[in-house]
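Let's take a walk through this protein together. Have the 3D view open beside you, and follow along one piece at a time.

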Amino acid sequence: MQRSVLDRIYIAFLLILIVSFGFLIFFISYFTRRSLISEKQITLSNEATLISSQTITYYMAGAMSTSDLATSFNYYAGTLKADIWYVNAKGELIASSGYFGETKDGETGTSSDSKTSVAIMKSLPKSIYDLDKNYQLNENSYSVSDFYGTYSDKVITVNTPVVLTVQDSDGNSSQNLNCGALIIHTTTEDINNMMKKIYSISFIPCLVIIVISFALLQIVSHKVLRPIKKLAEVAQDYSKGDFDVETGIKSSDEIGQLADSMEYMASELSKLEEYRHDFISNISHDFRSPLTSIRGYVTAIQDGTIPPEKQERYLGIVLDETNRLTKLTQGLLDLNRLEIYGPYLNLIDFDFIDIVKTTLNTFEIKCIDKKVAIYLNNHAEATVVTADKTKIQQVLYNLIDNALKFTPSNKNIYINITEKGEKLHVSVKDEGIGMSEDTQKKIWTRFYKNDTSRGKDKGGTGLGLAITKQIIKAHNETIDVYSTEGEGSEFVFTLTKANEESTHSGETQILINPNNTL
């Protein structure tokens, strides 16, 4: 069964909460348990010191028998809920709170009201060294274990040395006498019960937090996933060719931006048929017009309609139309090669000003005939760039040619060069008819001409700007258009500067002036 995005979010969120709370509870319980055990050990150590002073001292002085000592241990053991052992300096178990058996002198190590062990005790050792030959009686020690297998469960064990201070007969000096150790064992039952309470207290808030979190997640997820589901449904409609469906999402967040992009994509896809029709119409027109002219003039020459003395003139027209067909065909091949394989770039360092002047020389006659002036404004410190010189010259040629087509007589064209960081920004600006926003989106499409009548620009192929776009893209540069209807258009593209210096900074030249004569 395929899971939805919401199911995956719920599962992931639940796992995150469980792992997070599990780690938190483990962390808290681990250190809480350590703290409780440490506190218990300190308490037992203090109690051992008190019991020693109240019982072992009297026992060592002969004022208390082994049986009395065991009876006292039973009293304290009942209060502390612990087992108490007294081990002498030789490691022998002298008395304990619980059944001990017979001592050397025939006394029992416990009284008739002896209590049972706080934990299941397998057996009592006669000597502590029977359990561990290296046991340190004279050191304060703590442990949580079954105490060498003596108990069936883990117990907290505290070893407290018993040291008595004995004065000399003259009463002027004293010495410490090692009398063994008092060993107290207690179960972890109290700590375990405390931990259970902590667990129960912790689980309830965690459960409440999980429930509240899932409720909030439900609200948020529906708010986020509902538009996503809507987008998925609309995308399915688009895949079936129904591009009129709208998402209905008007938010300004990322989902709203995605919805706007999808609607724009649908709008463009809906125009594919229109674009295909226009493409066929354009290419048919561009091929049919020169072919019709060629056929007409050749037929006229062949049947004698055009007299021999005028045939050279009309053969020149036929040649011009043939050149136009060749140019159109070559443009199609070039554009197709650029879009599929990308251009082969011969990157060299060259001065961009040089190709500006060289390119403008080819437009001098057209500018004079049309009475259009071209100005060069260079504000760059360095104009040496790294690029394919031939293809960049083609870009510049196409942009100037495009500007000249749509610039009326007695108007100007400006070529502005500026620099920003490592980039050279080249602007070709005209004072022509300008373009609408819709036209600006279409000018990079092959065969698109901003002249529906097709009468003003019969020499154009509609491929120049498409080729320009591909060349700039191949250089990893950018090209943009800024235009206002009735005020002209500006094309701006970038080039990467080389490390070499040039000396054209601050130049402003009138490269072509229609008032000059050739």
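Start with the overall inventory: the protein has 11 helices and 13 strands, where helices (H or I, at least four residues) and strands (E, at least two) are DSSP runs numbered from the N terminus. Keep in mind that this is a predicted model, in which local features need pLDDT of at least 70, side-chain atom pairs count only at pLDDT 80 or more, and totals for chains, interfaces and linings use all residues. Residues are numbered from 1 along each chain as its sequence is written, and side-chain values use heavy atoms, with hydrogens and water left out.

How much of the chain is buried? Of the 518 residues, 39% count as buried; here buried means under 20% relative accessible area, exposed means over 50%, and partly exposed is in between (1.4 Å probe, protein chains only). As for contacts, meaning heavy atoms within 4.5 Å, look at those in the protein with a separation of 6 or more: 71% of them are accounted for by residues 24 or more positions apart.

Now for the inside. In soluble globular proteins, nonpolar side chains tend to be buried together. A nonpolar core is a set of buried Ala, Val, Leu, Ile, Met, Phe, Trp, Tyr and Cys residues joined through side-chain atoms within 4.5 Å. The largest one here has 40 residues, and the members with the most contacts inside it are F352, I392, L399, I400, F491, F493 and L495. Helix α9 supplies the largest share of this core, 7 residues. A second, separate core of 27 residues includes A48, A70, Y86 and V158.

Let's zoom in on I392 from the largest core. Setting aside neighbours within four places in sequence, I392 is in contact with F350, F352, I355, A387, I472, H475 and L495. Just after α11, N476 takes a positive phi of about 60 degrees.

Next, look at how α9 packs against a neighbour. Helix α7 (residues 352–361) and helix α9 (residues 389–405) pack at an angle of about 50 degrees, with their axes 10 Å apart. That makes α7 oblique to α9. Axes are lines fitted to C-alpha atoms, for helices over the stretch in contact, and angles run from 0 to 180 degrees between N-to-C directions. Angles under 35 degrees count as roughly parallel, over 145 as roughly antiparallel, 65 to 115 as roughly perpendicular and the rest as oblique. On the α7 side you'll find F352, I355, V356, T358, T359 and L360, which meet K389, I392, Q393, L396, Y397 and I400 in α9. By class, this contact has 8 nonpolar, 3 polar and 1 charged residues; Ala, Val, Leu, Ile, Met, Phe, Trp, Tyr, Cys and Pro count as nonpolar, Asp, Glu, Lys and Arg as charged, and the others, Gly among them, as polar.

Another helix pair is α3 (residues 189–239) and α4 (residues 254–270), whose axes come within 11 Å and cross at roughly 10 degrees. These two are therefore roughly parallel to each other. V224, P227, I228, L231, V234, A235 and Y238 of α3 make the contact with I255, L258, A259, M262, E263, M265 and A266 of α4. The residues here divide into 13 nonpolar, no polar and 1 charged.

Time for a few single residues. Y86, in strand β1 (residues 82–87), counts as buried at 1% relative accessibility. Over in strand β5 (residues 174–187) sits T187, which is buried at 17% relative accessibility. T187 touches V118, A119, V155 and I156, not counting residues up to four places away in sequence. T322 lies in helix α6 (residues 308–340) and is partly exposed, with a relative accessible area of 32%.

Most residues other than glycine have a negative phi. Yet K81, in the loop between α2 (66–80) and β1, has a positive phi near 55 degrees. K81 is exposed, with a relative accessible area of 54%. N410 is in the loop between α9 and β9 (412–420), and its phi is positive too, about 65 degrees. At 62% relative accessibility, N410 counts as exposed.
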